[in-house]
Amino acid sequence: MTNVDDPLVVHTPGDREIVLSRLFEAPARLVFAAFTRPELLARWYGARGWRLTECDVDLRIGGRWRFVSQGPEGARMVQAGFYRQIEPPHRLVCTERFDDQSYPGETLVSHEFSEVAGRTTVTTTLLYATAEGRNIVLRYPMARGVGQSFIRLADLLHSTTTTEEEHS
């Protein structure tokens, strides 16, 4: 069950930033796990029609992550980076670069997981190397893709929390 009353919110507070925020009906520890465990990432990460075919996570400071996604008509996307901060279940910071990137530099990605009464707001700040890079990304259907991916995440979290409740 997806909470349709709580869609993805997108802000552009600075000329190099995009901030994405969404509330999930699950505790922060489960949401954090969904962002860091390959077996969970494979179940939700990607826009409609896309899926992870490879998911490597070395969850430690300086550890590398790499995702390979397969999309419609054989499209392929590879993104990777290094973990800079890991504070379960509250904060995850990493770098990001795409193999076929259309904008300059490396992006700093900061995920904040804020839990209140068993519900978690994920706030992701993307800090691009340049304003030009941020503007290029804003022309892509990135917000739609993240929104679709987060719908899949909400469904996964719902099934996970329902299973937990049944076993407690």
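Ring pairs join F24, F32, F35, W44, Y45, W65, F67, F113 and F150 into a cluster, where rings of Phe, Tyr and Trp (its six-membered ring) pair if their centres lie within 6.5 Å. The model is a predicted one, in which local features need pLDDT of at least 70 and side-chain atom pairs count only at pLDDT 80 or more, while totals for chains, interfaces and linings use all residues. Residues are numbered from 1 along each chain as its sequence is written, and side-chain values use heavy atoms, with hydrogens and water left out.

**Exercise 1.** Classify the pair of rings formed by F35 and F113, and state where each residue lies.

*Solution.* Begin with the rule that planes under 30 degrees apart count as stacked, over 60 as edge-to-face and the rest as tilted. The structure holds 10 aromatic pairs. In the pair of F35 and F113 the ring centres are 5.2 Å apart and the planes stand at 80°, so the pair is edge-to-face.

**Exercise 2.** Describe the surroundings of Y103, and find which backbone atoms the side chain of Q101 reaches.

*Solution.* Y103 is found in the loop between β6 (91-98) and β7, and Q101 is found in the loop between β6 and β7 as well. Y103 has a relative accessible area of 9% and is therefore buried, and Q101, at 19%, is buried too. Leaving aside neighbours within four places in sequence, Y103 is in contact (heavy atoms within 4.5 Å) with F98, Y128, G133, I136 and V137. The side chain of Q101 reaches the backbone nitrogen of F98 at 2.9 Å and the backbone oxygen of Y103 at 3.0 Å.

**Exercise 3.** Work out how strand β5 is joined to β4 and to β6.

*Solution.* Two strands pair if DSSP finds at least two bridges between them. Strand β4 (residues 64-70) is joined by 7 bridges to strand β5 (residues 76-87), and the two run antiparallel, with V68 standing opposite V78 in β5. These strands, β4 and β5, form a hairpin with 5 residues between them, and E73 in the turn has a positive phi of about 55°.

Key
Helices (H or I, at least four residues) and strands (E, at least two) are DSSP runs, numbered from the N terminus. Buried means under 20% relative accessible area, exposed over 50%, partly exposed in between (1.4 Å probe, protein chains only). A polar contact is a pair of N or O atoms within 3.5 Å; within protein, one must be able to donate a hydrogen and the other to accept it, and residues adjacent in sequence count only if both atoms are side-chain atoms.
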